[in-house]
Amino acid sequence: MNIDWSDLKYTGTQQTHCMVLAKILLALYKSDESIIGIEIGVQNGSTSFYLLDNIPNLTLYGIDNAPCLDHIKEHGGYEKAVKDKRFRLITDISDKAVKQFKPQSMNFVWVDGDHSYEQCKKDIENYLPITKKFIGGHDYGVDAWPGVTQAVDEAFGDRVNVMSDLTWMVEL
Ligand SMILES: C[S@@+](CC[C@H](N)C(=O)[O-])C[C@H]1O[C@@H](n2cnc3c(N)ncnc32)[C@H](O)[C@@H]1O
């Protein structure tokens with residue numbers, strides 16, 4: 001995918017993978033199309049709010065068993081995104097949260113929770129039926145997280161695209 005960064009807001013502290021994910025979404029969907037997706041592993045919400053800020057037609061479910069709520073609430077757009085129901089935080093483990101979603105109900109799933117082989121494999125297996133268009137995640141090919149690479153390769157083989165900044169994605 002050819003990436004032109006010029007139309008994205010960049011704060012200077014933002015990690016690149018948020019931009020890569022935003023670009024993937026902007027490339028896959030028309031600007032007037034509603035997009036609904038899931039981020040497994042919200043942490044301090046920096047990716048969540050980067051996406052919500054840059055993609056006005058996005059509704060995002062964030063799943064994290066231990067979100068950094070204080071940090072999440074610091075994001076400028078937090079109150080409005082919650083009020084508008086564009087950001088819906090589920091504080092639970094991904095294995096349980098998945099029960100809230102119907103098959104094929106999401107446009108994408110981003111897997112960035114527990115990076116062990118076992119959990120990454122489970123997240124892929126559990127959430128693949130939920131998403132229609134793409135599944136992806138972060139920390140592919142990182143020495144510290146060999147389980148991510150193993151789980152992704154086993155699930156998708158040569159269908160995996162490895163983008164810049166350790167992002168993996170599979171178009172479905
Ligand atoms: C790498 S951080 C997420 C980073 C975030 N996606 C970003 O780009 O800023 C991983 C997060 O996954 C959460 N987590 C770990 N295991 C989980 C599980 N089984 N279910 C849900 N969340 C989990 C952790 O609490 C942590 O906040």
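I count a residue as buried if 20 or more other C-beta atoms lie within 10 Å of its own. I needed that cut-off for Asp-139, which counts as buried because it has 20 C-beta neighbours inside 10 Å. The model I am reading is predicted.

**Entry 1. Two loop residues with positive phi**

I stayed with Asp-139. I found it in the loop between strand E5 (131–138) and H7. Its phi is positive, about 75°, although Asp-139 is not a glycine.

I then looked up Lys-85. Lys-85 also is not a glycine, and its phi is positive at about 60°. It sits in the loop between H4 and strand E3 (87–90). Is Lys-85 buried or exposed? I noted it as exposed, because 8 other C-beta atoms lie within 10 Å.

**Entry 2. Ala-81**

I moved to helix H4 (residues 78–83), where Ala-81 is found. Ala-81 is buried, since it has 22 other C-beta atoms within 10 Å. Which residues does Ala-81 contact, once neighbours within four places in sequence are left aside? I listed Leu-52, Arg-86 and Phe-87.

I also took a distance to Tyr-117. Ala-81 and Tyr-117 are 36 residues apart in sequence, and their C-alpha atoms are 33 Å apart in space.

**Entry 3. Leu-58**

I placed Leu-58 in strand E2. It counts as buried because it has 23 C-beta neighbours inside 10 Å. Leaving aside neighbours within four places in sequence, I found Leu-58 in contact with Ile-35, Leu-51, Leu-52 and Arg-86. I checked Ile-35 by distance too. Leu-58 and Ile-35 are 23 residues apart in sequence, but 4.7 Å apart in space, C-alpha to C-alpha.

Which residues of H2 are buried? I wrote down Thr-47, Ser-48, Phe-49, Tyr-50, Leu-51 and Leu-52. The cover over the buried residues of H2 includes H1, E1, strand E2 (58–63), H4 and E3.

Next I took the largest nonpolar core, which has 41 residues. Leu-51 and Val-109 touch the most other members. Helix H1 (residues 16–28) gives the largest share of this core, seven residues.

Setting aside neighbours within four places in sequence, Leu-51 is in contact with Cys-18, Leu-21, Ala-22, Leu-58 and Leu-60.

**Entry 4. Ile-130**

I looked at Ile-130 in the loop between H6 and E5. It counts as partly exposed because it has 19 C-beta neighbours inside 10 Å. What does Ile-130 touch, not counting residues up to four places away in sequence? I found Val-98, Phe-101, Pro-103, Ser-105, Met-106 and Val-109. I then took the C-alpha separation of Ile-130 and Val-109, and it is 8.0 Å. The two are 21 residues apart along the chain.

**Entry 5. H6 against H7**

I turned to a helix pair. Two packed helices are described by the angle between their axes and the distance between the axes. Here the pair is helix H6 (residues 117–127) and helix H7 (residues 146–156). Their axes come within 8 Å and cross at roughly 35°. I noted the crossing of H6 and H7 as right-handed.

Which residues meet? From H6 I listed Tyr-117, Cys-120, Lys-121 and Ile-124. From H7 I listed Gly-147, Val-148, Gln-150, Ala-151 and Ala-155. By class, the contact of H6 with H7 has six nonpolar residues, two polar and one charged.

**Entry 6. The ligand shell**

I ended at the ligand. How many residues are around the ligand, and which come nearest? I got 16 residues, with Gly-41, Gln-43, Thr-47, Gly-113 and Asp-114 nearest. Strand E1 (35–40) and helix H2 (46–54) are the elements that give two or more residues to the shell.

Technical notes. Residues numbered from 1 in each chain as written. Predicted model: local features only at pLDDT ≥ 70, side-chain atom pairs only at ≥ 80, totals over all residues. Axes fitted to C-alpha atoms, helices over the stretch in contact; angles between N-to-C directions. Helix = DSSP H or I, 4+ residues; strand = E, 2+ residues; numbered from the N terminus. Left-handed = near helix turned anticlockwise from the far one by under 90°. Contact = placed C-beta atoms within 7 Å. Nonpolar A, V, L, I, M, F, W, Y, C, P; charged D, E, K, R; others polar. Near = placed C-beta within 6 Å. Core = buried A, V, L, I, M, F, W, Y, C linked by C-beta atoms within 7 Å. Buried ≥ 20, exposed ≤ 12 C-beta atoms within 10 Å, placed from the backbone.
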